[in-house]
Amino acid sequence: MLYREAGQFKTAYATDQQIFPIRQDRVAVIAVVAFAFLVVPVIGNQYWLSAILIPFLIFSLAALGLNILTGYAGQLSLGTAAFMAVGAFAAYNFVLRVPGIPLLVAFALAGGCAALVGIVFGLPSLRIKGFYLAVATLAAQFFIVWALVRFPWFSNYSSSGVITAQQMKIFGVAFDTPLEKYLLVLSIVSLMALAAKNMVRSEVGRAWMAVRDMDVAAEVIGIRIMYTKLTAFAVSSFYCGVAGALFAYAYLGTVEPEAFTLDLSFRILFMVIIGGMGSVLGSFLGAGFIVMLPIVLNISIPALNRLLYALVQWSLPASITSNLELMVFGGLIIFFLIVEPHGLARLWQIGKEKLRLWPFPH
Amino acid sequence: MATSRRTIGDVILTLERISLGFGGVKALSEVSFDVREHEIRAIIGPNGAGKSSMLNVINGVYHPQQGTITFRGEIRREMVPHQAAAQGIARTFQNIALFKGMSVLDNIMTGRNLKMRASILEQAIHFGRARREELDNRRKVEEVIDFLEIQHIRKTPVGRLPYGLQKRVELARALAAEPSMLLLDEPMAGMNVEEKQDMCRFVLDVNEQYGTTIVLIEHDMGVVMDISDRVVVLDYGRKIGDGTPDEVRASQAVIDAYLGVAH
Amino acid sequence: MSFFFEVLIGGLLSGVMYSLVALGFVLIYKASGVFNFAQGAMVFFAAMTFVGLNEAGLGFWLAFVVTTGVMVVGALLTERIVLRPLVNQPQITLFMATIGLTFFLEGLTQMIWGSTPLGLELGIQDQPLDWLMDKTGINVSQFDLFAAAVAGILVAVLAVFFQKTRIGRALRAVADDHQAALSIGIPLQQIWGIVWATAGFVALVSGLMWGARNGVQFALTFTALKALPVLILGGFESVPGAIVGGLIVGASEKLAEVYVGPMVGGGIESWVAYVIALLFLLVRPEGLFGEKHIDRV
C-alpha cells in the first residue's frame, strides 16, 4: 500500500525519463544518500569506515566499470584488476612527476590512461567474441602486471615494484583520517555512479545493449560496432582505473603490481554476476555482498563452532574458514546462476513488485 | 488492385547482374531489377529462391561476388550496413531481430541513433544538448508508437511480447529512422487474418503518408497482388518475372515455378 | 644447434602436458558446448585424492581405481546439481557456473586434503635418455617421453570413441543443440554424465603426470588457464587440435623464453602464450582445426 504509484501521472517526457520516476523511490534514495553523507560520519567507527565502507565503495566503482563492459555491452572481461593497476600506478606517477598537480586531476588522468590501455586490449573484440575475448583480456591481465614489474620506472625504481601513495590533498586540505577518506571516496563514487546511470539510459547505453543483444541488427540500423565496443572498453577501463587509484590512495596506502591478481579480477566479476549484470544498482549490491561475505563467515563460523562443541563436543578445524569461504563463493555463484541469473538487482525488483501489492496477496 | 496513390518517381535503386554464393551454394545468379521512388515493390518466389539474400545484398549484410548496386546515382560493388542506414535504408528481418534485453521504447529509440549527435561526456552529464536530443527523439518515437498503435506496451521488455506485436515493434524501429527506403522481410509471416490486415494497413499508410519506398518479401499472394505496384519473381536464385502484378500473374514461367514444373 | 633442438623438444614435450589438460576441455566442450573452466580444479582434486589415498595406504592401482570412481561420482553430482538446472541457458551462463565450480572444488580439495604440496612418484625417472644423449648430445627426459606416449594413447582412444561409436555421435549432437537433441530422444543427462566422467578420468591422468613432474599443489588449478591458448590454437572442438595446439604453445613458449626473453628481461612465460593465441585469433578465429560458425540473419 505504501508503494503504490497511484496518482503519480507523468505529463512530460522529461519526468517520465528521470532516473527515479516513482516518488517513493526518490524519497528512499535521498534518504540513503543523506544517511551516507550525514549520518555515517557521526556514528561510524574507524573499523567500519576503513575496513568495510571504503573498500565497498571502491569495489562498487570497479564493479560498475566491469558491469558497463560485460553487463551492458556484453564483452566478457577477465582483466579488470589489470586496469585497476594501470590507474593506481598512473595516479602515482602523475602526482610524483607533475609537481603541484591537483589530486582529482591526477585521478582523472589515471582513469584516462587506463581507458587508453583498455582501448588497446579491446581492439581484439572487433574480431572475436565470447570466451575468446575473455582470453584476450587474460593476456591483458598477465601482460600489464608483468610490465609494471619489469619496467622499474613505473614504481620509481623501488624494490619489487612497491609504491607508496602520497598524501591526498585537495586545495591544501589533507585527507588523512578514515572519515575524510570515506567522504572523498563517497563523493567520487556517487558522482561517477550518477554519470554511469546517465550514460546507460542515453544513446550510448542503448548502443551498448544493442551490440550485446544482436550486433548484426545493430549494425544494420546504423550503430557503429567498432566505436561502440571501444567506447565500452574505454569507459569501463576509466572507471576501473579510478577505482584502482582510490584503491591505492584511500584504502591500501602501499601497493605492488602483484596485488592486482587474477583472483581480484574474478572477485569483481562475481560482484557483477551476483549483483546483476546490466544494472547500476546491481554493482553496488554485488560489491556489498562480496565485501561482507568473509566478514559474515568470520563471525558465524566461530559461533557455529561454539554451538557444535556444546552439542557434540566437536568443532570444525581452524583451517576450514578460508576454504569454506571459497566453497561458499563457488556455491553461491552456481546458486545465483540457476535461481536468478540477473542477480540481486532482479531480486530487488521482484521485491519491489511484491511491495506494490503488500499487504494484499495479489 | 493496386491504385496509384502516389506519383511514382524515378529509379532510385538498380541492381545489375547480382551473383551471390556461399561455398558451393549459389544463392543468386545474375539478378537485375530496379526500384522506383515511392513505389511498393514486392519480391516473391518459392522457398529458397534467394529473396532474403537479395534484401541482405541491398543493405550490405551480404556482399555479392559479382554485379553492382546503384543507389541514388552512386554505383558500388557492395553496400556496408552502416552506410546503408546512413543513406536512409531501414529494414526488418524474417526472424525478428529485436534487442531482447531492452524495452519496446528503448528498442525503437535505437532506431534513431543516427540522429543523435551528443558525445558520451555530454550524455554522462545529461545536460544541455544530450538532454534536449533525448527528449526530441522521444517525441519523434512517440509519433511512431502512436502511428503503429503500440502505446500500451511501450515499457514492456520485448522478449515478453507475442510474435505479432514483436513484428510491429520491429517495424516501428525501422520507421523511427525516418527512412526513404524500407526493406520488409516477410512482415506478415505467422500472423492471423486480422493481424495481416493491420500490417497491410500500416505498410500502405507508411507509403502514403511518408512517401517511403517499400521493397517487401511476402508469401501471401493476395497481399502482394493487392498492395504492390510492381513485382519481381525469383526462383532458384534467378529472376523469372518482373512487372506489374497482373503481368506477373499471367506469366507462364511464374506459374510453372509455383506449380513445381521443371524448367 | 643442438641446443635449439633441446629447447624445441623440451618445449614440445611440455606442450604435451598442456595438451593433456586441454583434452579434458575439448571433451566437455565437444559434447555439451560448455567451456569447463573447472577442468584445472578437477586436475588438482583428482591428483590430491590419488596421493591422499596412496599415502593412506592404498596401493598404486587401487588408489587409481578408487580415484576414478570418485571422479565419476563427482561428475554425476555436477551434472545433477549444476548442469541440469541450466539446460539451454546461454553459453556464458554455463561458463560462469563452471567458474563457480572451480572455486568450490578448490575449497573442497584443500579442506579435505590440506594445502601443503605433496609429492607423487610414478616410477619413471626424470632423467635424460642416455642413448640419445650419447648419439646426438640432446637432452631429453624419459619422463617427458612417457607423458607423450600416454597422451598419444588417450587421444587415439578418444578419437575412435567420438567418431565410431553411437554414443560419440550422440555427444556431437548434444554439443550442437541441447534442445534439438532432447527432442529426438537423446538422453541428455546420461550423455553429460558420461562425458564429465570421462573428462574426470582425463583430469586424473593429467593430474598424475603434472603431479609427478611438479608436485601436487594448488598451482595445478592454473594449468586450466594455460590450456586456454592451446584451445584457441587448436580449436575448441577438436581432439587432434588440442594436441597440435599444445605442442605449438609449449614449443613457442620455451623458444620465446630462451631466445626473446633475455631481450625484454625474462619472465615472459607468464603471458607469451596468450599473446600468441591472441594474434592467432585475429587471423583465424576458429583455430587450426575448429569449425567456422556462420550466423544466419
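## The nonpolar cores

A nonpolar core is a set of buried Ala, Val, Leu, Ile, Met, Phe, Trp, Tyr and Cys residues joined through side-chain atoms within 4.5 Å. The model examined here is predicted. Its largest nonpolar core has 214 residues. Six residues have the most contacts inside this core: Phe107(A), Tyr182(A), Trp208(A), Tyr239(A), Phe260(A) and Phe35(C). Helix α3 of chain A, residues 46-72, gives the most to this core. Its contribution is 15 residues.

Take Phe260(A) as an example. Neighbours within four places in sequence are set aside here. Phe260(A) is then in contact with Ala81(A), Met84(A), Ala85(A), Ala88(A) and Phe89(A), among others. Its list of contacts also includes Gln141(A), Val145(A), Phe247(A) and Val255(A). Another core, of 38 residues, lies apart from the largest one. Among its members are Leu98(B), Val104(B), Met188(B) and Met199(B).

Together the two chains bury about 3,700 Å². Carbon and sulfur atoms account for 83% of that area. Three residues stand out on chain A: Phe131(A), Tyr132(A) and Met327(A). They supply 19% of the area that chain A buries against chain C, more than any other three residues.

Charged and polar pairing can be counted too. There are 0 salt bridges between chain A and chain C. There is 1 residue pair in polar contact, with both residues at pLDDT 80 or more.

Most residues other than glycine have a negative phi. Arg17(B) has a phi near 50°. Arg17(B) is found in strand β1, which covers residues 11-22 of chain B.

Glu30(B) is not a glycine either, yet its phi is positive, at about 50°. Glu30(B) lies in strand β2, residues 25-36 of chain B. Why does Glu30(B) count as partly exposed? Its relative accessibility is 39%. Partly exposed covers values between the buried limit, under 20%, and the exposed limit, over 50%. Glu30(B) therefore falls in the partly exposed class.

How values were computed: Residues numbered from 1 in each chain as written. Chains lettered and ligands numbered in written order. Predicted model: local features only at pLDDT ≥ 70, side-chain atom pairs only at ≥ 80, totals over all residues. Heavy atoms only, no water. Buried area = accessible area lost by both parts, 1.4 Å probe. Salt bridge = Lys/Arg side-chain N within 4 Å of Asp/Glu carboxyl O. Polar contact = N/O pair within 3.5 Å; in protein donor to acceptor, adjacent residues only side chain to side chain. Buried < 20%, exposed > 50% of the residue type's maximum accessible area, 1.4 Å probe, protein only. Helix = DSSP H or I, 4+ residues; strand = E, 2+ residues; numbered from the N terminus. Contact = heavy atoms within 4.5 Å.
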